[in-house]
Amino acid sequence: MWPRARPPDRDIRVEDAQGAALADMVRRTGAAIGGLYLIEEPAALLRLVALCGLPVDFTAPWQRLALTAPVPVADAIRADRLVWIGSQDEMARRYPRAAAVLPYPFALAAVPLRGVRRCWGGVVLMWPADHPPEATSRERDHIVASARRLARLLDEAPVPPAFPDQPQVVSVASARHPAQTELAAVDYLERLPEGALALDLEGRVTFMSASAARLLGRDPDRLLGTRPWQSLPWLDHIGYEEQYRTAVVSRAPVSFSAHRSPDQWLTFHLYPDDSGISVRITAGEGAAQAAAGAVGTPVRAERAPSRPGRLYQLVHQAAALTETVTTRDLIALIADQILPAFGAQGLVLSVAEAGRLRITGHHGYPGHIVDRLDALPLDTDLTPAGQVLASGFPAFYGSPAELAHSYPRAPQISGKQAWAFLPLVISGRPVGCCILSYDRPHTFTADERAVLTPLAGLLAQALDRARLYDTQHRLVHQLQRALLPRTLVAPPGLDVAARYLPSGHGIDVGGDFYDLLRLDDTSAAAVIGDVEGHSTAAAVLMGQVRTAIHAHATAGAAPDQVLARTNRLLADLDSELLVTCLYAHVDLAHHALTIAGAGHVPPLLRPAPGRAHTLDLDPGPPLGADTHARCPVTSTTLPAGAVLALYTDGLVERPGTDILRTTADLADHLAKADVHDLEQLIDSLVDHAWPTGGQTDDMAVLLLRTAEA
């Protein structure tokens, strides 16, 4: 048992106490890196508030995360369980977006901080690359127990924790060597022909021997406190910086060679731990090793070096943007991830269309302001949006005064205090404009500008793709709706409701269909079916099948004959597609139900409140499988007040589940459900079958309810 957490003393800040608790958790679990995330309400964000074992710059893409983000710590909080990632391959398989930003070998655990009355957030722990891929049960127990201890500390804190702009960095390491040995250690290193260099976890030089200074060609006083890849032009290459990052994250030794001059190669051996990196520098190890270990010819540049986190923040956002499909997806991603990453609160996304900037999405703005900004002409002088789109260059305004200098009326529109206007342009073609805004004045650093500028290009590509998808999707589903009945006319005494729901994504036309045919004043025919595949051919065949069923039913054919004749039509059409179908003849005068089936999932019948079951049918083969196949008929009673539910398999077929069990579970739900409003009943059935949404197939639902006696 871990000792009970003691609430922090009144004289100790909660932030210091939680930082110390995180460091203690890292030590107890044997981890090398730890991060403490707290949930910020009501924004539903995860904020990184404490960090140990890693430079703050490394965490730029991860300091603000949406609770819905596809990352281990968010999953751990949502599922309220430990998430373990044992290898880089597993990270790439389960969290490809995160793996794109962390391409290093390590093991990782994410665990929620579940308090007495709430979940405070979560902790991420990372181990060196040599950690076994599986955590032992004892190790998992230690992690969970440490998380409970930290959650208990937060429960008992006298005040709620704060959310700093940057995470607090806490140290895990302690002094290891007595002071009297330090000079002896320096003397030892100075006697070696090899160069010795020490870096802190931020990559800054904290010690270098005379041999290292000679090999590097730079006096120690000019290198101490600097990062080698910034202060040595021949190391100014992203590949060398990447070697350092790999050593820090993986805590594994790394070696590489660098070309200092035409006739000299140096080999660097990096040995990291939780206090820093020891670097051994050797010379003259041969061209073969240099070629094998070199990361490439150094790039000589006079510009200021890049901040380490800048490239990785851009890679993170690029990976996220590749997953967006619709414009709605894009707006949600910008609001949930890009705005928090840059500390912004407002978003206006406009598209260039017919000479105007039409707002396609927004966040953090009331409706009347959006209306005021919508459909501005491209040459507007009200805001900088038109100008940045025309020039292709972004504009940054850190305060209302800065914006008012060129656009006097703009600051008064929204009440925002700082703005970034990003032009969305593809190969010179204007796509739109993205505006990020702030509730307080904001100084745009060079790092932020350096990320936001190329990010605008990525946003332009994502918006262009999303608009194309939206257009295709809209056309496809307009075709789908045109092929389905606009209204369902039922005889007196029969209530009906129907719904077609496309799958979450995709621009192919589905083949699910339904219909209700009023045969006379006391009878009707209910039809539901599913054409194989998702294509224009499936949609065309669906229309032909509906027409054939309608013609045979209104001509007075019996249920089995309606399907048999339709089956022969498919043979005449020489279609390779199969069709499943149910035809239900409802006789209200005699409370009778007659059903003919062709390979379709069975309907549900609720004869009375509290009772519902799956109708036991002989489904027969699908239409199109056998020209001479018989369509079995099943007859049963249909009491007053009964509900009949017809549906396609998209409602009950879920990956990894038994369809029979799913159908039985849906029948149990129908038995207990409120059936007075059939539209709401459809919502209830769909929500029960797919509680988190994301259905993988199209579905159609047709409900019939007979009048009460």
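In strand β22, Val 586 is the bridge partner of Ala 524. The two strands concerned, β21 (residues 523–531) and β22 (residues 579–587), pair in the antiparallel sense over nine bridges; strands count as paired if DSSP finds at least two bridges between them. The model is predicted: local features need pLDDT of at least 70, side-chain atom pairs count only at pLDDT 80 or more, and totals for chains, interfaces and linings use all residues. Residues are numbered from 1 along each chain as its sequence is written, and side-chain values use heavy atoms, with hydrogens and water left out.

**Sheet and helix**

- An open sheet is formed by five strands in the order β20-β21-β22-β23-β26, with antiparallel pairing.
- Because β20 (512–520) and β26 (633–637) stand at the edges with a single partner strand each, one side of each is left without a neighbour in the sheet.
- Neighbouring strands of this sheet are turned by 15 degrees against each other on average, direction ignored.
- Helix α19 (residues 536–554) lies across β20, β21 and β22 and runs at about 15 degrees to β20.
- Helices (H or I, at least four residues) and strands (E, at least two) are DSSP runs, numbered from the N terminus.
- Axes are lines fitted to C-alpha atoms, for helices over the stretch in contact (heavy atoms within 4.5 Å), and angles run from 0 to 180 degrees between N-to-C directions.

**Confidence**

- Mean pLDDT (the predictor's confidence in each residue, from 0 to 100) is 85 for the chain, and 91% of its residues reach 70 or more.
- Confidence is highest in strand β27 (residues 643–647), at a mean of 97, and lowest in helix α11 (residues 287–293), at 42.
- Over residues 286–308 pLDDT stays under 50, and the model has 33 contacts beyond four places in sequence for them.
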